[in-house]
Each structure stands twice: as C-alpha cells, then as structure tokens.
Amino acid sequence: MKRIGIYEGNRGSMFFYVVPHDRARHSERHVEPGFSVDETTIELYLAKFLSRHLDLALRMNRNAERGSSFYSVKSYRNLLEDIRNETDFLKKAYRNIAGHGLGKADCEELAKFDEKEECGENEISSYVECLERVIEFYDRFILISNRMLSRDEKAPFILIRRNKSGLCSMAKAAV
C-alpha cells in the first residue's frame, strides 16, 4: 500500500511548505528544514485542523490572500494534539471494523520522508486499508512536526505556505 506523502524540504508548486519561521527577522529559520505536503492532502486531511487553529488576530494572518498562514508554536502544538485525538478515534474505528488493533508502528519508518515515486494514487480495496493509510499519515505528520519543533526551539512561529500563487488561503479553503 502506498503512503500519503510527506516530503522533505520545499517541493515547489502544488505543495504546502511547513517550516519554522522567525517573523521578526522576516525569514524562514534554517536550523531545521521544513517539510512539504501536497495541496490535495491538506484539503482532505488537514484543512479542518489548520483553519480551527489559525489565529486571525495575528498581524501576519490578516492578509488572507497571500497563501501563507502563521501559527504560534503553542497553537501549532494544539493543532497536533487535535490531530492526535482524531487519530485515537480513527484507531478505535479501525479496531471495530477490522476486529483487531493496528500493529505497533516503527518510529524510524514513520519519520522517513517520501520520494514522489513512493506515493500517489492507487486503488484502495477496503475501509480498513483507507483507515490504515490515514492513521499512518496522521502519526507521521505529528512525529515529523514534533521533531521539527524540537530541533528548532527558538522559532516563534510555524509558517505554512502554499507555493502555487493565485489560490485561496487555507482559511478559505477549509470553510
């Protein structure tokens, strides 16, 4: 089964780039490089969390047409906790449908970034497969985000930037 992709670094157009950011210095922090998630994945799996935790009172988020959203580290950690709660719910649903729990995932395997060829569309034959894929994606997103946060503890913000211009912001896409 192919994974829902999370890619190392900035993958360019049609992707969202998640990176620590120091707004006071107007720069992405390069202590820890960020990661990219394609826009379809954001819309399907993350938009509700991103819009729920977006602080429109932050001066940087007032111009919604830029395609960039800033999250304080605290609000980003709350976002990750929301995803963790959703994942726990999905694991219970998986157990009810499959009749058994998921096997223990290898943290090292979860933390690996994907190559474009490894991910993508393929036929899913059951609800169980679909749940496995989504649960794994959420677990990976949380793990990779936490590693990024722990390696760059001085970054005051997390920037999530849509790389393709002309598209609406995440806040509008999630509504």
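1. The chain holds five helices and six strands, where helices (H or I, at least four residues) and strands (E, at least two) are DSSP runs numbered from the N terminus. Along the sequence the pattern reads β-β-β-β-α-β-α-α-α-β-α.

2. This is a predicted model, in which local features need pLDDT of at least 70 and side-chain atom pairs count only at pLDDT 80 or more, while totals for chains, interfaces and linings use all residues. Residues are numbered from 1 along each chain as its sequence is written, and side-chain values use heavy atoms, with hydrogens and water left out.

3. Of the chain's 175 residues, 45% count as buried, meaning under 20% relative accessible area with a 1.4 Å probe, protein chains only. In H1, the buried residues are Glu 39, Thr 41, Ile 42, Tyr 45, Leu 46, Ala 47, Phe 49, Leu 50 and His 53.

4. Helix H1 covers residues 39-53, and its end C-alpha atoms are only 18 Å apart, against the 21 Å that a straight helix of 15 residues would reach (1.5 Å times one less than the number of residues). H1 bends by about 75° at Leu 46, the angle being taken between axes fitted to the seven residues ending there and the seven starting there.

5. Helix H2 (residues 73-98) packs on helix H4 (residues 127-151) at an angle of about 155°, with the axes 9 Å apart. H2 is therefore roughly antiparallel to H4 (over 145 degrees).

Technical notes. Buried < 20%, exposed > 50% of the residue type's maximum accessible area, 1.4 Å probe, protein only. Axes fitted to C-alpha atoms, helices over the stretch in contact; angles between N-to-C directions. Parallel < 35°, antiparallel > 145°, perpendicular 65-115°, else oblique.
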